[in-house]
Amino acid sequence: MKKQKLAILGSTGSIGTQALDIVRQHSDKFEIVALTANSNWELLAEQVKEFSPSYTLIGNEGHFETLKNTINHTEVISGSDKLPEIASLEEVDTVLNALVGFAGFESTVAAIRAGKKVALANKESLVVGGALITEELKKSKTELIPVDSEHSAMLQCLVGESMSNIEKIIITASGGPFREFSLKQMEEVTVAEALNHPNWNMGAKITIDSSTMMNKGLEIIEAYWLFDIPVEKIEPVIHPQSIIHSMITFIDGSSKAQLGLPDMKVPIIYALGYPERLPLETARIDWNKIQNLTFEPVDFKRFPCVKLAMDSIKLGGYAPAVLNAANEVAVERFLNKEIGYIYIAEVVEKSLAKIESSDSLNIETLKEIDKETRTYAASILK
Ligand code: NAD
Ligand code: MG
């Protein structure tokens, strides 16, 4: 594999720091050209000292001066609005988009337009602008490789297969910390409990999304755009052990699954190396230990967010963008203890019910919809 020049957007986050661990293991294969963070300037400064990127962006402008005075030999840039410029830098081959939320959308589009290979962790990009991103990908010669473990599993099962032979995609979900909670118990859920995921250690937003299972809903939309499959053919199933990361059933009744420990480094390195596989020093499954792999159906009554997301894709147009914006606001309000846990779904449902039209989708209209929805979602249940 030719040495790849990387821009890591969101290098201080859960995905970003794990990606840097991979770069540490493979310094002959990857070179860091740009690193970006929002507010954790201390960690960003440490990363800059270790990886010597040519460009360093800090989103929160209040930290610009301090950061600039702490690091040398790198161009320090201030403001999240410059992220798309980082994503399209001449010197960059591959962009790892590990930003969280709608904040990552424009950078994905910019990277594709600039012909960069995109390793996409920021699933919200495809949720809000799947149509636009798909169109841009068709126009360009580049590729977008998913980092999300389920979609990486799907891609790995699909290598060598014809897309027309897919009968069904089975997307697995851990079920999160409240898998066995009754609706009554969910009324009492605290922020600390929701932030305590049984299998994965991730950023706060996706951890809450996993607990409401909105994460699975967003991932169904992500799979819809990545693999051009009708939603009816994407079936979520609960698999509490998070060993099977997803499966594909083909037209002859045969199914393929991808397995591994719950470890995001595996899908990250697969996306960075794709189509090659690179060695990774990380724990392996011990098949001589007794363990059970179990499956159960998703209960849409207790986890209405999955259904809301599936409905939004059927509604089409702006609906998934509205779903996403409302969810981002609802999650933030829950984390700030402004609304109770069970009201996250209600904020999303009410925001979706307000949609009027859904014509032309472009970056500007999507930004407007995102902004309008945020204002509305922040006002509900006040
Ligand atoms: P995180 O909160 O740990 O990190 C987010 C990163 O983005 C940080 O570096 C932060 O500084 C930066 N950032 C956030 N908002 C920003 C803004 N407005 N401007 C500039 N920078 C900003 O999140 P994470 O868990 O690493 O998740 C990142 C993405 O990957 C999300 O879309 C998530 O859904 C997806 N993902 C994460 C995991 C996981 O295990 N963490 C698994 C699958 C998918
Ligand atoms: Mg996932």
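Some conventions come before the structure. As the model is a prediction, local features need pLDDT of at least 70 and side-chain atom pairs count only at pLDDT 80 or more, while totals for chains, interfaces and linings use all residues. Residues are numbered from 1 along each chain as its sequence is written, chains are lettered from A and ligands numbered from 1 in the order in which they are written, and side-chain values use heavy atoms, with hydrogens and water left out.

I begin with the seven-stranded sheet. It is open, its pairing is parallel, and its strand order is S4-S3-S2-S1-S5-S6-S7. Here helices (H or I, at least four residues) and strands (E, at least two) are DSSP runs numbered from the N terminus, and two strands pair if DSSP finds at least two bridges between them. Strand S4 (75-78) and strand S7 (144-146) form the edges, each pairing on one side only. From one strand to the next, the twist averages 20°; axes are lines fitted to C-alpha atoms, for helices over the stretch in contact, and angles run from 0 to 180 degrees between N-to-C directions.

Within this sheet, strand S1 (residues 4-9) is joined to strand S2 (residues 30-37) by six bridges in the parallel sense. Isoleucine 8 has leucine 35 of S2 as its bridge partner. Helix H2 (residues 41-51) lies across S2 and strand S3 (55-58), and runs at about 165° to S2.

Strand S10 (residues 244-250) pairs with S11 in the antiparallel sense over five bridges, and isoleucine 248 stands opposite lysine 256 in S11.

H11 leads us to the helix packing. Helix H11 (residues 214-227) packs against helix H13 (residues 304-315) at an angle of about 25°, with the axes 7 Å apart. That angle makes H11 roughly parallel to H13; angles under 35 degrees count as roughly parallel, over 145 as roughly antiparallel, 65 to 115 as roughly perpendicular and the rest as oblique. The crossing is right-handed, meaning that the near helix is turned clockwise from the far one by less than a right angle. Among the residues making the contact are Met214, Leu218 and Trp225 of H11 and Val306, Met310 and Ile313 of H13, where contact means heavy atoms within 4.5 Å. The contact residues divide into eleven nonpolar, two polar and no charged. In this division, Ala, Val, Leu, Ile, Met, Phe, Trp, Tyr, Cys and Pro count as nonpolar, Asp, Glu, Lys and Arg as charged, and the others, Gly among them, as polar.

A further pair is helix H14 (residues 319-335) and helix H16 (residues 363-379), packed at about 40° with axes 8 Å apart. H14 and H16 are therefore oblique to each other, and their crossing is right-handed. Glu328 and Arg333 of H14 and Asp370 and Arg374 of H16 are among the residues that meet. This contact divides into nine nonpolar, two polar and four charged residues.

Which protein donors hold the magnesium ion (ligand 2)? They are Asp148 (OD), Glu150 (OE) and Glu219 (OE), at 2.1 to 2.2 Å; donors are N, O and S atoms within 2.8 Å of the metal (3.2 Å for Na, K and Ca), and water is not among the atoms, so sites may look incomplete. Their spacing along the chain is D-x1-E-x68-E. Aspartate 148 lies in the loop between S7 and helix H7 (149-158) and glutamate 219 in helix H11, so the pair ties together parts that are 71 residues apart in sequence.

Finally, the backbone. Most residues other than glycine have a negative phi, and most peptide bonds are trans. Serine 242, in the loop between S9 and S10, has a positive phi of about 50°. Tyrosine 274 and proline 275 are joined by a cis peptide bond with omega about 5°, and proline 275 is in the loop between helix H12 (265-273) and H13.
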